[in-house]
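This briefing concerns a single protein chain and is arranged by topic. Please read it alongside the sequence and the model shown here.

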Amino acid sequence: MKHLFLIFLMNLLHQHAGKSLRRDGSSLKSFEDIKNEIAGYTDIAKAIIDLAVHGKAQNRSYDRLAVFADTIGPRLSGSKNLEAAIKYMFTALQKDGLENVHLEPVKVPHWERGEEFAVMLEPRNHSIAILGLGNSVATPPEGITAEVIVVASFDELHKRAQEAKGKIVVYNELFISYGETVQYRLQGAVEAAKVGAVASLIRSIASFSIQSPHTGEQSYQPDVPQIPTACITVEDAEMMSRMSLRGTKIVVHLRMGAKTYPDSLSFNTVAEIVGSKYPEQVVLVSGHLDSWDVGQGAMDDGGGAFISWEALSLIKDLGLRPKRTLRLVLWTGEEQGGVGAKQYYQLHKENISNFDVVMESDEGTFQPSGLGFSGSAEARDIVREIMTLLQPINVTDVYDTADGTDISYWMRDGVPGDTMTVQDPNQMNLCAAVWTVVSYVIADMEDMLPR
């Protein structure tokens, strides 16, 4: 988990980059015309905000999520819980009266962490809280007992490569930001294995800690030995760093029972409000249903999935039908590297010119402050105008960055992206209102957004 991003991707044909296209290729609107068109959505935006924040839909996305998370629990890729979650959502979307509710099959990884145990034996006996990282290999049944080398960076590890052979590498990296620091979780095992280490323990990627280790994805490389890897608490990483700096010998015993099984059948879950004028053109809103196996997956990414569902519900409740199809996709296999989204992209990329916008919420449903954006100046100006419709809830800023596992495939194809940045915790109602206003207006404007 990082902080909230609500992510958008705007698609147009390459030959019309930077222009506002009509569907039939006829003359283009001036920006003043576009501003006037967006201003015409003021009453609809107000109705959406009133319904989501103050009306009968207030707290609906939260209540739906609470029932879901309490009923299903964690939803690890390949697990029975994830299978139950997909069935639950398929039924719920049908009962909500959405259109074209269906499942699209996906093959997803199936990994289970098994029993995990770590203890410091020298200089004193101390139990170490750990969480194995996704797809980690197991230790031998008897575990691994080895001396520890503590490093603060990959550079330090490579400089001390001769010392690391046969040892357990402990990374006590400084937290700068999630985007910069997560490389230690993703690549820590590989870099440690390159210098002959027997395991790696990584300081949890977090700005603070209450003796709580985090889990997440990590990646092996085909030509590098696979070694067991887990996250430890910030407190334990810092303690071992202090010991190491004093020249104290540290010995740790590590035992991990992780298992990897053959890929399992799973599904992306899809529902729509079919467009009234350009049904073949799509504005896609999304979040992912799978989660890690610790906790309930309520924030990562229950919140994003459920405000995306809420966007369609709010539009349906108001009796609105945008010109383009508004499509909800609840991804599977995101935590294992966006597997469900990658397969969806491969299946649908031949129709990429019909995808006007692809939106993902996967960074937490806190109080939004604006949208991050990556794209042309012309498209940014249009997004900025759309954001003025959200002045009643003070969510109007546009920032210059975008990110998102599930929609990165579209971005690599040259489709610009933008994201919602957040500050302080608030309520899912605000996120749902922002998500709905922006997705509806983009889906209903006469012209697709410019690249």
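Arg185 is buried, that is, under 20% relative accessible area, where over 50% is exposed and values in between are partly exposed (1.4 Å probe, protein chains only), yet Arg185 has no salt bridge. A salt bridge requires a side-chain nitrogen of Lys or Arg within 4 Å of a carboxyl oxygen of Asp or Glu; the nearest side chain of opposite charge to Arg185, that of Glu217, is 5.2 Å away. For charge, Lys and Arg count as positive and Asp and Glu as negative, while His and the chain ends are not counted. The model is predicted: local features need pLDDT of at least 70 and side-chain atom pairs count only at pLDDT 80 or more, whereas totals for chains, interfaces and linings use all residues. Residues are numbered from 1 along each chain as its sequence is written, and side-chain values use heavy atoms, with hydrogens and water left out.

**Surroundings of Arg185**

- Arg185 lies in helix α8 (residues 183–194); helices (H or I, at least four residues) and strands (E, at least two) are DSSP runs numbered from the N terminus.
- The side chain of Arg185 reaches the backbone oxygen of Glu217 at 2.9 Å.
- A polar contact at 3.2 Å links the side chains of Arg185 and Tyr178; the term denotes a pair of N or O atoms within 3.5 Å, where within protein one must be able to donate a hydrogen and the other to accept it, and residues adjacent in sequence count only if both atoms are side-chain atoms.
- Not counting residues up to four places away in sequence, Arg185 touches (heavy atoms within 4.5 Å) several residues, including Leu133, Ile202, Ile205, Thr215 and Cys231.

**Arg327**

- Arg327 is found in strand β13 (residues 324–331) and is buried, with a relative accessible area of 14%.
- The side chains of Arg327 and Glu272 make a polar contact at 2.7 Å.
- Beyond its neighbours within four places in sequence, Arg327 is in contact with residues among them Val270, Ala271, Val283, Val285, Tyr344 and Phe355.
- From C-alpha to C-alpha, Arg327 and Val358 are 9.3 Å apart in space, with a sequence separation of 31 residues.

**The eight-stranded sheet**

- Eight strands form an open sheet of mixed pairing, in the order β4-β3-β10-β6-β7-β8-β9-β5; two strands pair if DSSP finds at least two bridges between them.
- Its edge strands are β4 and β5 (130–132), each of which pairs on one side only.
- Strand β3 (residues 116–122) runs antiparallel to strand β10 (residues 251–256), and six bridges join the two; Glu122 has Val251 as its bridge partner in β10.
- Two bridges pair β3 with strand β4 (residues 126–127) in the antiparallel sense, with Val119 opposite Ser127.
- Three residues separate β3 from β4 in the hairpin that these strands form.
- Strands β8 (residues 199–203) and β9 (residues 229–232) run parallel and are joined by four bridges, with Leu201 opposite Ala230.

**Cysteines**

- Zero disulfides are found in a search of the whole structure, a disulfide being a pair of cysteine sulfur atoms within 2.5 Å.
- Cys231 is buried at a relative accessible area of 1%, and Cys431 is buried at 0%.

**The chain as a whole**

- The protein chain holds 14 helices and 17 strands.
- Of its 451 residues, 58% count as buried.
- Among contacts between residues at least 6 apart in sequence, 82% join residues at least 24 apart.
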